[in-house]
Amino acid sequence: MYNKNLVWIIAAIAATGGLLFGFDTGVISGAIPFLRNDFQLTDSQIENITAFGLIGAVIGALVCGRLTDILGRRRVILGSAFVFVTGALWSGIAPNVTQLLISRLYLGLAIGVSSFATPLYIAEISPTKIRGTLVSMFQLLITVGILAAYISDSLLADNSNPESWRPMFYVGVIPAIILYIGMYFLPETPRWLMSKGREAEALKVLRMTEDPKLVEKSIDNMRKEIQQDKSQMPWTEIFKPWMRNALIIAVGIMFFQQFVGINTVIYYSPDIFLRAGFNGNQAAIWASVSVGVVNVLFTILSLFLIDKIGRRKLFFIGTAGIFASLVLIGACFALSDALGEFTKIVLVASMLIYIAFFAISLGPLAWLIISEIFPLKVRGLGSSIGSLANWGFNTLVAWTFFKMIGGFNYLLGGENIAIASTFWVFAAISLIALLWGYFYIPETKGVSLEKIEEHWRKKGSPRSLSN
Ligand code: BGC
């Protein structure tokens, strides 16, 4: 029967998918210094291990859209939980680099699937009134997952044991089992059940999650929506001129979210700290735990800010801060001789400032905006394109980071100036982001989704959208 708190419990269990997304992408950062020693890896092999997981995510996000429609949201998430469990075990056991690469690719499939299917499941099972908050929990849990990975990496980092990376990967099994068992008992979403003509079951789920006064109305709305989906626009509508701005915004915001270099900090921060002169793997990992804590705290702050000061303002404040801190991070490396012992302090401080600005802006905004700007009938497709772009750009940055440093080193003849230049490239991209955002970030705060659709139909520019 109806229980107000039940939907929070359902959303929290499903959001474990976000936690795993964060954990399994973040866990690599603490494992890298050990992997490097244990297998005598080169920079480009390190990049490959990171990038293979991301390529898996691209493939997962690509195939899961159709699968979630055919098999249902719940079954796909259950399947991903199975891959999360077995993938974590496999990458921990991996006897050589090749198996490590393949196991990371395999695990990546689940990461890609969860990045798409989890918010979809939560959005469809939530009562309309609190849907926004519940979906935002997804980004929060991504950051919690990253932090959990950093902390567990730190606790397991043992400088006398070169195979410390193995238990780091095994820890991922725990949340994966929780997700599997949890999802086993959770219901399918009413909307998917309705789309398969299983109205009685849909009603049963809705009676548990929705305010009794609203159950009939919700079922009615779903019926209408599904009728409209069937009779109205085909999916190809998304490529028509009136949808062009929405597509540019979705792909563009994901481009800038990734190309300001966020994941070089998330995945490689212990490595970066080591290069800045921190001693020992453990010290470097603990320094990056602080990155994880700041990420979580400022993401919580963003949940309060997003509906108060609006998307555009947050975007500009955040991206300007990202630009300034990237310049500073680069300067730490360029001036490390002059700064001496201070390098470490200034570097940690500027990385924390960078993360804080990211966490209140590009982090949550990108996922939120792609879920808002597409008309209902192509919302799933539109956000899967955004999510695919996210993983594609993410892979590109992770895969080229050390190559860029290598290239600059070759050109400029010095590792520190090479690292500095790489961060300054990210800084230059964040400047372009500011300019792009001026034209393309829409102010969707307080604007109904129907009004957004109407705005696009009237060929309104993103800038001129407001309530
Ligand atoms: C991004 C991830 C990133 C995370 C950091 C997410 O919004 O998509 O790539 O690792 O934020 O908190």
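This is a predicted model: local features need pLDDT of at least 70, side-chain atom pairs count only at pLDDT 80 or more; totals for chains, interfaces and linings use all residues.
## Around the ligand

Residues are numbered from 1 along each chain as its sequence is written, and side-chain values use heavy atoms, with hydrogens and water left out.

Here are the side chains with an N or O atom paired with an oxygen atom of the ligand:

| Side chain | Distance to a ligand oxygen |
|---|---|
| Asn 263 | 2.6 Å |
| Trp 367 | 2.9 Å |

On its own the ligand has 310 Å² of accessible area, and the protein covers 99% of it (Shrake-Rupley method, 1.4 Å probe). The residues around the ligand, with a heavy atom within 4 Å of it, also include Thr 143, Ile 146, Phe 358 and Asn 390. By class, this shell has three nonpolar, nine polar and no charged residues; Gly counts as polar here.

Now for the space itself. The ligand sits in the largest cavity, meaning that more than half of its atoms lie within 2 Å of the grid points. A cavity is a set of points on a 1 Å grid over the protein atoms alone where a 1.4 Å probe fits but cannot get out; a pocket is an open set with protein on both sides within 12 Å along at least five of seven lines, and lining residues have an atom within 4 Å of a point.

Helix α6 (131-156) gives the largest share of the shell around the ligand, three residues. Two or more shell residues also come from each of α12 (244-259), α18 (362-372) and α19 (379-412).

The largest cavity holds about 220 Å³ of space, and its lining has 19 residues, with Phe 21, Ile 142, Ile 146, Gln 258 and Asn 263 nearest the centre. Among the elements that give two or more residues to this lining are α2 (16-38) and α13 (262-275). The lining divides into nine nonpolar, 10 polar and no charged residues.

The second largest pocket has about 180 Å³ of space. Of its 13 lining residues, Leu 67, Val 76, Gly 79, Ser 80 and Val 113 lie nearest the centre. Helices α3 (43-71), α4 (73-93) and α5 (97-125) each supply at least two lining residues, and the lining counts nine nonpolar, three polar and one charged.

Definitions and conventions: A polar contact is a pair of N or O atoms within 3.5 Å; within protein, one must be able to donate a hydrogen and the other to accept it, and residues adjacent in sequence count only if both atoms are side-chain atoms. Helices (H or I, at least four residues) and strands (E, at least two) are DSSP runs, numbered from the N terminus. Grid points are joined across faces, edges and corners, and a volume is the space filled by probe spheres set on the points.
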